[in-house]
Amino acid sequence: MSEDKAPKSPTRREFFRKAGLGAGALAGAVAMGDAVASNEAKAAEAAPKSQGYRETDHVKRVYELARF
Amino acid sequence: MGHSHCTTVQGWKDRGAIPVKQHVHVLEAAQRLGIPLTREDLLDEVAPRPPEEMWRAQCYMLLARLLAAPPDDALLAMIRELGDDDTEFGQALHGLVAVARQANSRTVREEYHDLFIGVGRGELLPYASYYLTGFLHEKPLAVLRGDMQKLGIAAKEGVAEPEDHIGALCEMMAGLITGAFGEPASLDVQRSFFETHIGSWAPRFFQDLEAAQRATFYMPVGRLGRIFMSIEMEAFALAA
């Protein structure tokens, strides 16, 4: 899966900015790394678990077959 | 590294970034050559995503963190500092900030329990299978598992809960956007995933959350989610 090749969207950025996402409201607010680390710490609680996704073994095998 | 990779490495130099899915090979090669190199060293080399895509990913992660588990004190403290503006989204965020200022992690944990866990079941069942068929562990979950396999997403081991939970799905969307599962997914792939697993039911769930009897802190979470879903759907339609 490569980078999206759609027309580089000033339109898309403008749309989201106008919708309020870019107003600095979330800027720096939720670091991905922090989110995963925090969720992993909660793994023992009763809440449904959604954290810690990783490459499947199937995908790893595909990469291994393609190696040097 | 063999001859066949000269082109690839040159390509990485040219673009100034090493694709995430190559990291395991680079790390293994470094290990064989005795070069100290860690995954953290490589993360700086991942091509950055455009800001609008990071905004989306941050929204999904915020929702994921709030829905997968009740927020701890650290997350509440962070939410209290969020800014807002006079857009519908900004106002929903303002509402969340306001309740975060009134709440503490204990009261929110109790509310979360009543809403989602309860005795036997909570007030709400935030699962795609439930909203789409009336039952848990249904075809939507099977379809999701198939797509997760294709996309290289694996559920964490030892987890009892089905993966079609709204918190899990939000985390998957964030990962597709940022490239956490290998490389950032194209908009077409994102749209397909969204429409199949989220757009078909999550707006209704967020509406239900907003209206839920036991929702105080989670009422603005529902509102924020509902508005964000609309934004996502409109954006996907624009990019079609």
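In the predicted model, helices H4(B) and H10(B) run roughly antiparallel to each other, because their axes cross at roughly 155 degrees and angles over 145 degrees fall in that category. Helix H4 spans residues 51-68 of chain B, helix H10 spans residues 166-178 of chain B, and the two axes come within 8 Å. The crossing in which H4(B) passes H10(B) is left-handed. On the side of H4(B), the contact is formed by Glu53(B), Met54(B), Arg56(B), Ala57(B), Tyr60(B), Met61(B), Leu63(B), Ala64(B), Leu67(B) and Ala68(B). H10(B) contributes Ile166(B), Gly167(B), Cys170(B), Glu171(B), Met173(B), Ala174(B), Ile177(B) and Thr178(B). Classified by residue type, this contact between H4(B) and H10(B) comprises 13 nonpolar, two polar and three charged residues.

Helix H12, covering residues 202-211 of chain B, packs against helix H13, covering residues 218-239 of chain B, at an angle of about 155 degrees, and their axes lie 7 Å apart. H12(B) and H13(B) are therefore roughly antiparallel to each other. H12(B) passes H13(B) in a left-handed crossing. The residues of H12(B) that make the contact are Ala202(B), Pro203(B), Phe206(B), Gln207(B), Leu209(B) and Glu210(B). Their counterparts on H13(B) are Tyr218(B), Met219(B), Val221(B), Gly222(B), Arg223(B), Gly225(B), Arg226(B), Met229(B) and Met233(B). By class, nine nonpolar, three polar and three charged residues take part in the contact of H12(B) with H13(B).

Salt bridges were counted over all chains, giving a total of eleven. One salt bridge joins Arg17(A) to Glu14(A), with 3.3 Å between the closest N and O atoms. Both residues belong to helix H1 (residues 10-19) of chain A; because they are three residues apart in this helix, Arg17(A) and Glu14(A) are separated by about one helical turn.

Regarding confidence, the model scores ipTM 0.76 and pTM 0.74. Chain B has a mean pLDDT of 88, and 85% of its residues reach 70 or more. Over residues 1-7 of chain B, however, the pLDDT is below 50. This stretch has eight contacts in the model beyond near neighbours in sequence. Where pLDDT is low, the predicted coordinates should not be read in detail.

Conventions. Residues numbered from 1 in each chain as written. Chains lettered and ligands numbered in written order. Predicted model: local features only at pLDDT ≥ 70, side-chain atom pairs only at ≥ 80, totals over all residues. Heavy atoms only, no water. pLDDT = per-residue confidence, 0-100. Contact = heavy atoms within 4.5 Å. Axes fitted to C-alpha atoms, helices over the stretch in contact; angles between N-to-C directions. Helix = DSSP H or I, 4+ residues; strand = E, 2+ residues; numbered from the N terminus. Parallel < 35°, antiparallel > 145°, perpendicular 65-115°, else oblique. Left-handed = near helix turned anticlockwise from the far one by under 90°. Nonpolar A, V, L, I, M, F, W, Y, C, P; charged D, E, K, R; others polar. Salt bridge = Lys/Arg side-chain N within 4 Å of Asp/Glu carboxyl O.
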